[in-house]
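This report describes selected backbone, sheet and interface features of the structure shown below. Please keep the sequence and the model at hand while reading.

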Amino acid sequence: MPSLKQLSSEKDLFTYGHRACAGCAASIILRQVALVAGKNTIFVGATGCMEVVSTIFPYTAWKVPFLHNAFENSAATGSGIETTYRSLKKRGKITKKINVIAFGGDGGTYDIGFQSLSGAMERRHDMLYLCYNNEAYMNTGIQRSSATPFGAHTTTSPAGTVIPGKQQFPKDLTEAIAAHDIPYVAQAAPHNWADFTKKVEKALTIEGPTFINVLSPCPLGWVYPPHLSIKMSKLAAETCFWPLYEVENGIHKINFKPREKKPLIEWTKLQGRFRHLLSESNKHIVEEAQKEVDRKWNRLLKMAEAKI
Amino acid sequence: MEKMIVAKTGNEAMAEAMRQINPDVVAAYPITPATEVVQIFSSFVADGRVDTEFVPAESEHSALSACVGAAAAGGRVMTSTASQGLALMHEVLFIAAGLRLPIVICEVNRSLSGPINIHCDHSDTMASRDSGWIQIYSEDSQEAYDNTIQAMKIAEKVFLPAIVSVDAFIISHSMERLEILPDEEVQAFIGEHRKPYDLLDVDNPITLGGLDLQDYFFEHKRQEIEAMKEAKAAVIEVGKEFGEKFGTSYGFFEEYRMEDADLAIIALGSTAGTTKVVVNALREKGMKVGLFKIRVFRPLASEEIKKSLEHMKAIAILDRADGMSSFGGPVFHEIRSCLYESEKRPIVTNYIYGLGGRDIFPEEIESVYKDLEKVAEKGEVKNLINYLGVRE
């Protein structure tokens with residue numbers, strides 16, 4: 001795998017001039033993915049932040065082929081590209097190896113695009129699906145998604161006087177996709193570039209469907225100063241809210257175990273979307289959220305230990 | 001050239017045309033009454049009778065989405081659906097047309113829910129008429145077969161997608177005599193695949209489907225509208241070439257005993273066949289009646305329609321869908337509008353019929369001609385919008 005230094009000397013394929021917000025982690029994520037995947041790659045983006053900021057006609061931030069179809073069908077669209085590729089390869093009309101990477105935010109992946117993703121994974125298309133999970137519908141103004149954390153304020157799960165933010169725990173999409181028994185599933189985060197790029201490289205090497213769920217801190221939606229995105233990413237891993245792990249051929253492997261697991265509050269207290277949780281009356285929500293993080297982490301530890 | 005004479009249903013005829021077209025990719029989801037098309041095509045794939053890669057999608061939305069990806073990657077792409085399936089594709093229909101991808105759908109006209117019903121009417125394709133797809137309606141299995149082959153060529157000429165449809169069960173499941181062309185003749189007719197662009201050309205990367213705002217969207221749509229205008233010439237050109245090579249020419253419409261007719265019925269699909277029988281019977285009795293069968297509804301050949309119909313005394317338009325506007329069906333609106341510019345401007349009435357597969361009988365069609373006779377005599381219309389064959 002190329003080092004960060006090597007990667008930094010490569011020509012960017014997701015390049016400057018896009019209109020992402022200052023501190024946007026998703027743009028860093030896509031830039032890294034494109035660098036690792038290289039020029040023989042076709043990207044498909046779901047409707048969402050990254051499509052909107054990178055493709056405003058007549059401009060584009062993409063120096064590789066890019067297709068946007070709609071919101072809920074990035075995986076299905078990618079599966080179509082991969083199928084033409086396979087068909088033309090079979091007919092001898094194309095010889096070079098071309099990667100297909102479909103991506104979407106948590107809206108396009110966890111929610112409205114879930115069926116399309118499930119179908120594409122089940123049909124075993126040779127493609128990588130990448131979710132940049134910023135934990136809400138940020139493009140339309142921060143509405144809750146099934147990836148939004150418990151207790152978080154969004155514009156459709158507002159912290160009101162009666163209901164203090166989102167009342168449900170997030171869907172565990174990574175495990176849901178792992179349950180499709182595809183060859184490779186991983187969770188990653190942008191602060192750990194080495195782990196992340198290694199996962200992308202691995203996913204692209206493996207034949208068949210692969211899936212990477214990347215946490216994508218969002219200054220606007222999470223409400224923190226833009227320069228803290230990478231810190232947000234790091235703390236999410238250090239609190240074990242967002243474990244960095246992979247499931248290769250059904251075997252769970254944890255890629256980062258913090259020496260000392262930080263309390264969840266270390267992460268939440270820096271974000272405006274959890275501000276209401278700092279009040280005494282909402283202490284039980286913080287406790288409940290911590291309990292859930294512990295439960296999920298312990299479960300993951302056991303699976304990794306048992307090599308299942 | 002040796003044509004093969006076989007007995008095939010509308011579904012089998014379309015599947016056969018798909019086999020001979022031998023597309024790079026077919027992505028589909030089965031739905032009654034188009035299920036057979038997908039089933040039969042799957043067996044062609046399984047038996048190695050086509051080179052096609054088949055994507056058994058998990059929904060029609062994903063099926064057409066995969067078609068968009070496949071066509072954008074430079075493949076020749078087809079699919080098949082009906083009714084709810086076409087409705088589920090609705091969002092992507094506009095995108096496929098906007099991206100100028102020449103995908104062909106073999107469609108079976110089935111009524112849209114609700115209430116749920118699996119039988120014929122045209123509510124499904126009529127609800128998609130403004131999506132930017134060429135629409136070709138077929139009277140029988142032979143037309144379904146011929147139209148499918150022509151649609152592929154027309155679509156690739158103007159880079160617009162096309163829907164070829166047949167009436168549910170009446171045609172899709174009815175065995176008829178079918179003349180099949182030799183495989184190589186079909187291949188030679190459709191020619192090398194023409195693609196608007198190619199995502200797989202990674203050395204010349206393009207961005208497709210980008211955000212298109214106030215400063216460019218309208219120009220792009222204007223070009224799409226222009227392509228639909230160009231499709232008119234393509235329909236005629238391809239229909240003529242088909243005739244020269246294989247014996248039956250096709251145009252926007254078929255004029256049946258219209259030369260000296262005063263009264264005309266306009267119909268789409270299988271009802272045209274029934275109407276021909278009635279026309280023959282009434283002609284025997286000395287009535288100057290004719291049938292104007294619309295084959296291509298998109299693009300709408302407004303000038304040609306006006307020219308063909310303006311000398312009529314009275315016209316009845318049979319609509320197998322209602323516009324739910326309280327003012328009749330879609331074909332009525334559009335054809336009547338075509339005649340507005342005419343100084344002669346014949347009387348045009350509307351008959352909504354056959355919703356949810358309700359049969360239409362020759363006697364009912366005859367009654368429409370009789371109505372027209374009275375209307376023409378009096379020069380006035382009592383009921384502009386009529387409902388045929390419904391209890392009320």
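Is Val223(A) buried, partly exposed or exposed? With a relative accessible area of 40%, Val223(A) is partly exposed; on this scale buried means under 20% relative accessible area, exposed over 50%, and partly exposed in between (1.4 Å probe, protein chains only).

## Basis of the model

This is a predicted model, in which local features need pLDDT of at least 70, side-chain atom pairs count only at pLDDT 80 or more, and totals for chains, interfaces and linings use all residues. Residues are numbered from 1 along each chain as its sequence is written, chains are lettered from A and ligands numbered from 1 in the order in which they are written, and side-chain values use heavy atoms, with hydrogens and water left out.

Val223(A) has a positive phi of about 65° although it is not a glycine. It belongs to helix H9 (residues 219-223) of chain A; helices (H or I, at least four residues) and strands (E, at least two) are DSSP runs, numbered from the N terminus. Glu135(A), also not a glycine, has a positive phi near 70°. Glu135(A) is placed in the loop between strand E4 (128-133) and helix H7 (173-178) of chain A, and at 1% relative accessibility it counts as buried.

Chain B contains cis peptide bonds. One joins Thr32(B) and Pro33(B), with omega about 0°, and Pro33(B) sits in the loop between strand E2 (25-28) and helix H2 (35-46). Another runs from Gly114(B) to Pro115(B), with omega near 5°; Pro115(B) occupies the loop between strand E5 (104-109) and helix H5 (123-126).

## A hairpin in chain A

Strand E7 (residues 245-248) of chain A is joined by four bridges to E8(A), and the two run antiparallel; strands pair if DSSP finds at least two bridges between them. Glu246(A) stands opposite Lys253(A) in E8(A). Two residues lie between the strands of this hairpin, in which Asn249(A) takes a positive phi near 50°.

The side chains of strand E8 (residues 251-254) alternate.

Seven strands of chain B form an open sheet of mixed pairing, in the order E3-E2-E4-E5-E7-E6-E13. Strand E3 (53-56) and strand E13 (296-298) are the edge strands, each pairing on one side only. Within the sheet, strand E6 (residues 134-137) and strand E7 (residues 162-167) pair in the parallel sense over four bridges, and Tyr137(B) stands opposite Ser165(B) in E7(B).

## The interface between the chains

Chain B and chain A each bring 43 residues to the contact, where contact means heavy atoms within 4.5 Å. About 3300 Å² is buried between them, 59% of it on carbon and sulfur atoms; buried area is the accessible area (1.4 Å probe) that two parts lose on being put together, summed over both. In chain B, Leu200(B), Val202(B) and Leu211(B) lose the most area to chain A, together 20% of what that side buries.

Seven salt bridges are found across the interface, each a side-chain nitrogen of Lys or Arg within 4 Å of a carboxyl oxygen of Asp or Glu. Arg91(A) forms a salt bridge with Asp24(B), the closest N and O atoms being 3.1 Å apart.
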